[in-house]
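Here are some notes for a colleague who has not seen this structure before. Please read them with the model open.

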Amino acid sequence: MKVLGIETSCDETGVAIYDTEAGLLSHCLHSQIDLHAAYGGVVPELASRDHIRRLPLLMKEVVRQAGLGLGDIDAVAYTAGPGLAGALLVGASVAESFALARGIPALPVHHLEGHLLSPLLSADPPAFPFVALLVSGGHTQLMRVRGVGDYALLGESVDDAAGEAFDKTAKLLGLGYPGGPQLAALAAQGQSGRFRLPRPMLHSGDLDFSFSGLKTAVLNVVQGADWQPAYMADLAADFQLAVVEVLCAKSIAALKKVGLKTLVVAGGVGANRCLRETLDAALARRGGRVHYPEPALCTDNGAMIAFAGAMRLAAGERGAVARAVKIRPRW
Ligand code: KG4
Ligand code: ZN
């Protein structure tokens, strides 16, 4: 079956075609970074309008790249939530309308399920079961994954997500949007160890996280009497290290708790080099292994949604033909 995947939950328009026999046939992505940069963050109305402009063009392009016609598509999977309501509505309306016109099933997909399964699209995919560390702009979660649709939440952030903490801290340091990658780039030029930042909930005894205090700790440093702008890169390095150490310690604790040695990391923060190096080293010491999505599939994309839809179809889910357009922004 050839599944068209559509992702429009935030500021990337992603479209892809996944074939249950031949794998990923094509995928296209349009990032709205330039559109929102001047505002320092995503402007929901602008995001929706741009998704409307791009989606039909990207759909034609993925079909062309796959050497198919629109009539060859057997099902449509789309991100139904969580995300920005207006942005989600664009993808959901297009997906459901396309499915209705073609008489094929449409499958609403949870955005995080897409991220969670995205490492399975790599050349050397992990085998079930595994522990997944989901680190995106909206979520920080540890899950036990036994198979497609079999997910158990082990722990999550009680306040800001890791990506959100990166973005907010970048903003207060005066860095541009998107903050995460810029803060990481600055950290790479600095040296950690100058500032003593907290490791929130490191010893809480559970698998939950808290990142909002870290952002406040950074604010206190830059407002302190001893602050010098020349320390900026060092502060970025210490902030990054604090986030990474907590993520790493809790991931190891989660693996221990469920008795597994395979960790899967997904979501935008999974692109962070310091996080990867720290996790790789920690798992190697324990005879385990970390799996990541291909770099191009770390942030939001249509391929992970097409794949999640295809896995659900393969697991016997049928999807519906002709249903009202329903989105779940806070799913
Ligand atoms: O998964 P994603 O693309 O979108 C959401 O579903 O949220 O994740 C975006 C998040 C943003 O907060 C962004 O700042 C963060 O991932 N991010 C990074 C890096 N690249 C992206 N954070 C730290 N280091 C990076 N290299
Ligand atoms: Zn995402």
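1. Helix 2 (residues 44-65) and helix 3 (residues 85-102) have axes that come within 8 Å and cross at roughly 30°. Helices are DSSP runs of H or I with at least four residues, strands are E runs of at least two, and both are numbered from the N terminus. Axes are lines fitted to C-alpha atoms, for helices over the stretch in contact, with angles from 0 to 180 degrees between N-to-C directions.

2. On the helix 2 side the contact (heavy atoms within 4.5 Å) is made by Ser48, His51, Ile52, Leu55 and Met59, and on the helix 3 side by Gly86, Ala87, Val90, Gly91, Val94 and Phe98.

3. The model is predicted: local features need pLDDT of at least 70, side-chain atom pairs count only at pLDDT 80 or more, and totals for chains, interfaces and linings use all residues. Residues are numbered from 1 along each chain as written, chains are lettered from A and ligands numbered from 1 in written order, and side-chain values use heavy atoms, without hydrogens and water.

4. Histidine 115 lies in helix 4 (residues 111-117) and aspartate 300 in the loop between strand 10 (289-291) and helix 10 (302-314), so the pair ties together parts 185 residues apart in sequence.

5. Histidine 115 is buried, at a relative accessible area of 1%. Aspartate 300 is also buried, at 13%. Buried means under 20% relative accessible area, exposed over 50%, partly exposed in between (1.4 Å probe, protein chains only).
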